[in-house]
Number of protein chains: 10
Amino acid sequence: MDRDDLTALILRAKRRAGLSWDQIAARIGKSAVWTHSAATGMNAFPKDSAEAFVALLGLPESAIPLLVESPLKVWTQAVPTDPCIYRFYEVVGVYGPTLKALINEEFGNGIMSEIDFSMHVEREANPRGDRVKVTMSGKYLEYANW
Amino acid sequence: MDRDDLTALILRAKRRAGLSWDQIAARIGKSAVWTHSAATGMNAFPKDSAEAFVALLGLPESAIPLLVESPLKVWTQAVPTDPCIYRFYEVVGVYGPTLKALINEEFGNGIMSEIDFSMHVEREANPRGDRVKVTMSGKYLEYANW
Amino acid sequence: MDRDDLTALILRAKRRAGLSWDQIAARIGKSAVWTHSAATGMNAFPKDSAEAFVALLGLPESAIPLLVESPLKVWTQAVPTDPCIYRFYEVVGVYGPTLKALINEEFGNGIMSEIDFSMHVEREANPRGDRVKVTMSGKYLEYANW
Amino acid sequence: MDRDDLTALILRAKRRAGLSWDQIAARIGKSAVWTHSAATGMNAFPKDSAEAFVALLGLPESAIPLLVESPLKVWTQAVPTDPCIYRFYEVVGVYGPTLKALINEEFGNGIMSEIDFSMHVEREANPRGDRVKVTMSGKYLEYANW
Amino acid sequence: MDRDDLTALILRAKRRAGLSWDQIAARIGKSAVWTHSAATGMNAFPKDSAEAFVALLGLPESAIPLLVESPLKVWTQAVPTDPCIYRFYEVVGVYGPTLKALINEEFGNGIMSEIDFSMHVEREANPRGDRVKVTMSGKYLEYANW
Amino acid sequence: MDRDDLTALILRAKRRAGLSWDQIAARIGKSAVWTHSAATGMNAFPKDSAEAFVALLGLPESAIPLLVESPLKVWTQAVPTDPCIYRFYEVVGVYGPTLKALINEEFGNGIMSEIDFSMHVEREANPRGDRVKVTMSGKYLEYANW
Amino acid sequence: MDRDDLTALILRAKRRAGLSWDQIAARIGKSAVWTHSAATGMNAFPKDSAEAFVALLGLPESAIPLLVESPLKVWTQAVPTDPCIYRFYEVVGVYGPTLKALINEEFGNGIMSEIDFSMHVEREANPRGDRVKVTMSGKYLEYANW
Amino acid sequence: MDRDDLTALILRAKRRAGLSWDQIAARIGKSAVWTHSAATGMNAFPKDSAEAFVALLGLPESAIPLLVESPLKVWTQAVPTDPCIYRFYEVVGVYGPTLKALINEEFGNGIMSEIDFSMHVEREANPRGDRVKVTMSGKYLEYANW
Amino acid sequence: MDRDDLTALILRAKRRAGLSWDQIAARIGKSAVWTHSAATGMNAFPKDSAEAFVALLGLPESAIPLLVESPLKVWTQAVPTDPCIYRFYEVVGVYGPTLKALINEEFGNGIMSEIDFSMHVEREANPRGDRVKVTMSGKYLEYANW
Amino acid sequence: MDRDDLTALILRAKRRAGLSWDQIAARIGKSAVWTHSAATGMNAFPKDSAEAFVALLGLPESAIPLLVESPLKVWTQAVPTDPCIYRFYEVVGVYGPTLKALINEEFGNGIMSEIDFSMHVEREANPRGDRVKVTMSGKYLEYANW
């Protein structure tokens, strides 16, 4: 069983269990964003979360060492084609220089960490049509000079 | 004067005026993210905002028609190299499929709009080091079937 | 059975049934463009359409959950090589700036939605040789400013 | 004066004349799509249309030979970044194989011509928000076998 | 059996039959260029040619529907590496603008069709070394203006 | 004066002289294809042809050394976008493997030279629409083995 | 004066001053690696270092605000061609997975920071030929889970 | 058994043996960096090291000839996506010209060898958070002139 | 058995036979460079060499038709990553314009053939470290003009 | 004067002096390959060679510091289009794996240096047409293990 097999196994088990990512996340005490990304091989589980996750979905014990390993994060489309994902790529293309300018003006010579980082997706009710709200929080990292 | 000349002119005028993007945005009644992107040619100004902006920074009247035009949004680096911008690209690479999965699960078969969209950058105080908080809000758009 | 297996299964069933896409579409109350794209994994079926489609082509019940899932829309050729598809890519290359200019002039600062969108392909009789007529209709989306 | 200089000259003259592309097109007896594309160097003017166009916008006589030349059609972004143009690229990516399948089924083994081709952009009134309607018509071309 | 399996089957059958492409083409009343390209999935057979081809090479009846389908024409090397094919790519790179200039000068504002098109390869005897002669004939297509 | 300046100078002189490429070629005893490509920097003139060419178009003497130099042949679009040129690229993509197969079958293990090579473009009268006829002739080169 | 002009000015001033990067770095109390990168627009100077640098090289006062700005870090060659730089790219290609594996094994689920980062280049005397010694030190950053 | 099978076998054997790369390296008298890279097919083992490695991990004898072969070093991502590896790519992008300038200034007209090269990864204790220390040492190679 | 299977079979047979490429080449009366390239599918064997090669390595008779076929020469890395191969790519990048200039100066307006071509690799003894000597010889081909 | 200006100056001076690269090289005691590459900014001159070169061609003294600097070696075409240069790229594509295999078999686990490297181009008289002979000699470099 390699990591891709495990991902397929997880998706089947989730469907069988009839649980949403929100529900799974709540049961293991994590957020939905993190849980989905870790379940699909884009983050590593802490030992105890892996055990809770395996128990919840009835996965084999042998899944645990794979879940706790630091995965090699690979994406093969430099520009993603799926429209739902592309729109976020477009945000980076259009607003990337703006994000940089405002971070530099507010914080100084540094960046937002993508490692000490968290993200949430929520529904924002709106009479003219509900909205997707995405919140990112990353530690500000100041460039060293030496 | 083309759009690039105007952007350079704006950046010089801003430096001379000693105003931050937050301050400029407040004066014209807009957010800092939108103001920076419109000022640098990635969004179009409504007529009245353009007039307020031109007055505030002492720009020539001839800047107004350029500011209200729908700009051609071009970026030449499919993968941005600047570390501050790259980290956001990395977010899309790592979490893109997760964003899609959670939007589909919560909202249905659709996407977050990048057009009916707003974004904010804030400082999040934190004893272990302040954090950059980025909030996006885009209208949920459901795929048609016909 | 994954989505690619299902597509192959559908194409075989269609050939066996001797039905055209127009006929299949008519039977499930949809258009031919939408039906083909949903059948080949580029759109998601509403539950009832999936059931009608499965019944019509004699597909297994297990196809239904796959048909209603929001598919990951992937194309691997940034520039399509097939001549029939390339010509449409060429239209975008040659007329893209024109479409933008006319949409901006007529509607304002916005775009045509590709999500709240429909398309039709028809035969246009012509004494000098029949023509392919393609009609697209997408909701006009105005850029927010905030 | 090369072709790019001429395009810039035309855009300035158009702004000064206060005419829309629809109005210019009507005056020279052509459509707006064709007129914009020919004016910006993506199509060649017939001699008489060039003369009418030059007279209408008060351009120098020397513009005529440039307008009637077959332009070299170049675009440098294989994947266009401007959101308004990208959505049309996305249509080709998502629906390209569908267009091919339906053309083959309806017409036979051939393609839609992008040369013997016309296109129109219109407003489609709609209570839930007006829509952009794009109509393409291209001669069906059958593959030879020999 | 998919199209690639069929191509492999055809190449084995041809080797067993000891026939050249010229001989096969003659037997089914077509040219060698067209026959090879159709046999290897780059063109579609008319029904009767498919039947003659299948009979000649002793292929299974089930090959016929695959041979008459309009194939998706895909090549994965934008720049071909094989030296024999690359030289033709080089011809297009070096002489492309020349071909355009001479077609425009002789015919007007249009192109050579690659659909209503035929090609032949012949030996040209020459005392200083025989030559490869390639002849292309494509219908001249005039750009519409509308 | 560099090579690009010279090309621009030549095109202006040609327009002023009111000569077609066919006429220029005839006057210097060469073909139109070769003459255009050499005039635009894709081939080198022999000394005497350069002198005849310079005399015919009234170019400065200093053009001669530039015309006889072996030019660096550069094209920047791996896939040409101009529709007239793209169709020839498409021919190579669709028929490249066929050209290779037929050359190998007829001549042996070798290729067509693109250096000891000539090409002609002609009009082919046809009641259903005239055709562009392109003829290439390249020396057959056999791979060495050693 | 933009950032590129300033870099050219700095290199000329350095040549005139006859100082090495080591010497300049020592005078402003920084390392040679950092000083070179900041001087050539790949890092931002703290205010006091900028003043010392400007004084040392006799640059105009107007250079200071440019030196303290957070530069947009752009490189246009995804794969660098210069052999001296390419060898470091090669190190990343060959040893990248090894660096990841050893960091994960020693530190846990995280990465080396390229922001809280320093680097030094030294000569390592060796009887068989001196060696280039490069030392990098980056803060270990642990992936969050949330 | 090909090289990829062997790598998978080695990783399983390592997990079973419960040894770290540091421990394995110590047992065969090599460094951890080199041992990992050679074990995963990015370097070749000397005969005796291969034998010690095979004995230590209980691999089949048939692994030895594969371990001592000079591997074809292939990486398919010109820009690596994994964040841990990308940060090193970023170092090369940001500091590549700096490394070149300092090597040239200190050593002369040459480069650091990536062949006569060694590298080490260590933990650097630090009260503000431990650091990853990477040390590279490559022979200085002077360009020949001849 | 396809060409890749045959290559694997040849490499196993060579290992079993304990012969170097030099020895194999000598036995079939060819050079090592040519023999290796033909054996690994980058050149075609003449009939008699194929028979000698098959006999020498104890390959099945069915290998002969595959060995004499003109192979499709494909490489998928436009820029090779293996350091040993990359260095030759680097030679072309650094010295390509030099090779062109010297060939043009010495021979005229033409190129070195890569078809009527041979190459040898030899050891060059040298007290400061032995050297790899590579000798290429290709027929000079003069550009035609016509 | 930057490096590109200097190259243009050198080429003009060479033309004026009526000297070949062979003659220039002989006068400064170097080879033609090295002299051309150094003169065009792909290698650095030793001080004395720069002085001799400047004197020979009557260049300004200010050229000397530019000639002795280690140039940044940049080529922008990953795959060169000029046919004369492409053929060498093709050699690397076709014979790269062969060069690696033979170097490994003859020398061991290492590569040919492109730094401690020399190359010569010569005419090889041949009754069937003269040949271009290219000789490369690079120091064999053995991979370290540590």
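Trainee: How many residue pairs are in polar contact across the interface of chain B and chain C?
Mentor: The count is 15 residue pairs, both partners at pLDDT 80 or more. The pLDDT condition applies because this is a predicted model.

Trainee: Which elements make up the side of chain B that touches chain C?
Mentor: Four elements of chain B give two or more residues: α3 (32–39), α6 (83–107), β1 (110–124) and β2 (131–142). β1(B) gives the most, with seven residues. By kind, that side of chain B divides into 14 nonpolar, nine polar and six charged residues.

Trainee: What is the area buried between chain B and chain C?
Mentor: About 2,500 Å², with 59% from carbon and sulfur atoms. The contact joins 29 residues of chain B to 29 residues of chain C. Three residues, B:Ile115, B:Tyr143 and B:Trp146, supply 34% of what chain B buries there, more than any other three.

Trainee: And what is the area buried between chain B and chain A?
Mentor: About 6,500 Å², with 67% from carbon and sulfur atoms. That contact takes 66 residues from each of the two chains. B:Trp75, B:Glu114 and B:Val132 supply 10% of the area chain B buries against chain A, more than any other three residues.

Trainee: Why is the pair B:Glu105 and A:Lys14 called a salt bridge?
Mentor: Set the distance against the cut-off. The closest N and O atoms of B:Glu105 and A:Lys14 are 2.9 Å apart. The limit is 4 Å for a Lys or Arg nitrogen and an Asp or Glu carboxyl oxygen, so the pair qualifies. Between chain B and chain A the count is eight salt bridges. The polar contacts across that interface come to 28 residue pairs.

Trainee: Which element gives the most to the side of chain B that touches chain A?
Mentor: α6(B), with 24 residues. That side of chain B divides into 33 nonpolar, 14 polar and 19 charged residues.

Trainee: Is E:Ser137 buried or exposed?
Mentor: Buried: its relative accessible area is 9%. The cut-off is under 20%, so E:Ser137 falls inside it. E:Ser137 sits in strand β2 (residues 131–142) of chain E.

Trainee: What makes E:Ser137 and F:Arg131 a polar contact?
Mentor: Their side chains come to 2.7 Å. The limit is 3.5 Å for a pair of N or O atoms, one able to donate a hydrogen and the other to accept it, so the pair counts. Residues that E:Ser137 touches include F:Glu124, F:Val132 and F:Lys133. In its own chain they include E:Asp116, E:Phe117 and E:Ser118.

Trainee: How do you know that chain E and chain G do not touch?
Mentor: Their nearest C-alpha atoms are 19 Å apart, and no contact is found. Chain A and chain I do not touch either, with nearest C-alpha atoms 16 Å apart.

How values were computed. Residues are numbered from 1 along each chain as its sequence is written. Chains are lettered from A and ligands numbered from 1 in the order in which they are written. This is a predicted model: local features need pLDDT of at least 70, side-chain atom pairs count only at pLDDT 80 or more; totals for chains, interfaces and linings use all residues. Side-chain values use heavy atoms; hydrogens and water are left out. Buried means under 20% relative accessible area, exposed over 50%, partly exposed in between (1.4 Å probe, protein chains only). Contact means heavy atoms within 4.5 Å. Buried area is the accessible area (1.4 Å probe) that two parts lose on being put together, summed over both. Ala, Val, Leu, Ile, Met, Phe, Trp, Tyr, Cys and Pro count as nonpolar, Asp, Glu, Lys and Arg as charged, and the others, Gly among them, as polar. A salt bridge is a side-chain nitrogen of Lys or Arg within 4 Å of a carboxyl oxygen of Asp or Glu. Lists of a residue's contacts leave out its neighbours within four places in sequence.
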